[in-house]
Amino acid sequence: MTGGTDDLARVPVESVPIDSLVRADSPRLDGENDEHIRLLAESGVAFPPILVQKSTSRVIDGMHRLRAAELRRENRIDVQYYEGDDDSSFILGVRANITHGLPLSLADRAAAATRICAVRPYLSDRTIASATGLSTKTIRSIRAQSSGENSGTAARVGRDGRVRPLSTEPGRRLAAQLMAENPDASLRAISRAAGIAVATARDVRERVRAGLSPVPENQRRADRGPNRNVVPRAGEAGNGNSPETGELTILRTLARDPSLRFSERGRALLRWLVAHTADVRGWKRFVNDIPPHCEDVLARISRMNAAAWHELAGRLERQREESADPEAGGER
């Protein structure tokens, strides 16, 4: 099949053991809905086949049906296999979830569109809009927001684990567009979809209702001012006054990786990295003020930390070598 749901009519249905399947790379930010699963399980109807990526046995579409079948204590389930790669499978899963079953939320669809723009930037706005159930205008706004981040707008990992750009302007404009298309959407849904705070979404709504631009003029000037504290783009040398530029540039690049920013464990990793590397050379500010009787203890702590980082680097290098050599053994 080529990736469209219309192709499913030509795909044979197979019955497979439930325990042979892998949980989905779901477009649902909050996971499956337990109440919907219970209702499906109690309905007594036979379920349509679920969609599974053949190379990985990962569920593309049908996690609610799979979990409902488990509640019924069934051992097997009907599946149709898809032979595309991970990104194509994700797109197909999003497309399937906007045409049947429990609808994806606005935040789910916006997050999926952001991810698709990142992994398939060559797809047209119309194609991504069709896959996510959003308008082409909204996709253009999402793509512009993503391009803004890629062109030098630094991203930060918040305490809630989400990755947000420093500039609020793209998020405000996207929120205004989403409000126009979904006037009944809650502020929380808009804020999640646009990657802004609920208070910011409320301000956007009030400004739009008053006939004003969603972005205040003073914020536009602040966002674009020459003294804005941003992380330089990869490859820029910096001004020599920011010794942590290299580390922060790497962190900013990682923060844009969809495999990290769209999973809870990935966001936890980003938070950990930010906490441990963002100011890695900050010791230079106070090293001369350390009391002499504390120097030995701090030196030992520093060496222990260095040893831990060295151990991590070695572990990652070994894992990379094992991945490159399929005959290499070893426990991951």
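Buried means under 20% relative accessible area, exposed over 50%, and partly exposed in between (1.4 Å probe, protein chains only). This is a predicted model, in which local features need pLDDT of at least 70 and side-chain atom pairs count only at pLDDT 80 or more, while totals for chains, interfaces and linings use all residues. Residues are numbered from 1 along each chain as its sequence is written, and side-chain values use heavy atoms, without hydrogens and water.

**Exercise 1.** Classify Cys 294 and Cys 117: buried, partly exposed or exposed?

*Solution.* Take Cys 294 to begin with. Its relative accessibility is 28%, so Cys 294 is partly exposed. Now take Cys 117. Its relative accessible area is 7%, so Cys 117 is buried.

**Exercise 2.** Count the disulfides.

*Solution.* Apply the cut-off: a pair of cysteine sulfur atoms within 2.5 Å. The count is 0.

**Exercise 3.** Describe the surroundings of Gln 53.

*Solution.* Start with location. Gln 53 belongs to strand 2, residues 50–53 (strands are DSSP runs of E, at least two residues, numbered from the N terminus). Gln 53 has a relative accessible area of 2%, so it is buried. Then list contacts (heavy atoms within 4.5 Å). Beyond four places in sequence, the partners of Gln 53 include Arg 58, Ile 60, Tyr 81 and Asp 86. The Gln 53 side chain makes one with the Thr 56 side chain at 2.8 Å. It makes another with the Asp 86 side chain at 3.0 Å.

How values were computed. Helix = DSSP H or I, 4+ residues; strand = E, 2+ residues; numbered from the N terminus. Polar contact = N/O pair within 3.5 Å; in protein donor to acceptor, adjacent residues only side chain to side chain.
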